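Q: Could you take a close look at one part of this model with me? I would like to follow the side-chain contacts around the start of the chain and see how they connect to the rest.

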Amino acid sequence: MKEYDAVELIVEKECYTKHGVHKGMMGWICDKERIHKSWLVCFDQDEYFDEFPIIGVKETDLKVICDAKTE
């Protein structure tokens with residue numbers, strides 16, 4: 001996984017749901033560094049939020065949907 005990859009949350013956990021983020025939601029990795037095996041992910045699905053949650057998500061709780069191209 002890397003910055004700008006599109007990802008899907010593959011688990012339902014309270015640490016994510018308290019931010020309004022649920023299993024099956026898609027977002028994108030918005031930082032180039034992984035910290036403590038977690039990525040900073042922006043969940044930007046307009047139909048769900050007025051302000052998009054940007055939260056740390058464990059790598060094991062994510063699935064890559066679209067691999068960002070590196071140049």
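Which backbone nitrogen lies 2.7 Å from a polar atom of the side chain of Asp5?

A: It is the backbone nitrogen of Ala68 that lies 2.7 Å from a polar atom of the Asp5 side chain. Such a pair is a polar contact (N or O atoms within 3.5 Å; within protein, one must be able to donate a hydrogen and the other to accept it, and residues adjacent in sequence count only if both atoms are side-chain atoms).

Before going on, please keep in mind that this is a predicted model, in which local features need pLDDT of at least 70 and side-chain atom pairs count only at pLDDT 80 or more, while totals for chains, interfaces and linings use all residues. Residues are numbered from 1 along each chain as its sequence is written, and side-chain values use heavy atoms, with hydrogens and water left out.

Let us stay with Asp5 for a moment. Asp5 sits in the segment before strand 1; helices (H or I, at least four residues) and strands (E, at least two) are DSSP runs, numbered from the N terminus. Asp5 counts as buried because its relative accessible area is 2%, where buried means under 20%, exposed over 50% and partly exposed in between (1.4 Å probe, protein chains only). Leaving aside residues up to four places away in sequence, Asp5 touches Gly27, Trp28, Ile29, Val64, Cys66, Asp67 and Ala68; a contact here means heavy atoms within 4.5 Å.

Asp5 also belongs to a network of salt bridges together with Lys2 and Asp67. A salt bridge is a side-chain nitrogen of Lys or Arg within 4 Å of a carboxyl oxygen of Asp or Glu. Side chains of opposite charge can pair when their charged atoms come close. In the bridge between Lys2 and Asp67, the closest N and O atoms are 2.0 Å apart. That pair connects distant parts of the chain, 65 residues apart: Lys2 is in the segment before strand 1 (6-9), and Asp67 is in the segment after strand 5 (62-66). Lys2 is partly exposed, given its 26% relative accessibility, and Asp67 is partly exposed as well, at 43%.

Tyr4 is another residue in the segment before strand 1. Its phi is near 80 degrees, a positive value in a residue other than glycine. Most residues other than glycine have a negative phi, and most peptide bonds are trans. Tyr4 is exposed, with 54% relative accessibility.

Glu8 is buried, at 18% relative accessible area, whereas Lys63 is partly exposed at 42%.

In soluble globular proteins, nonpolar side chains tend to be buried together.

Finally, a look at Asp61, which touches Glu8, Leu9, Ile10, Val11, Lys13 and Tyr16, not counting residues up to four places away in sequence. Asp61 lies in the loop between strand 4 and strand 5 and is buried, with a relative accessible area of 4%. Its side chain makes a polar contact of 3.0 Å with the side chain of Lys13.
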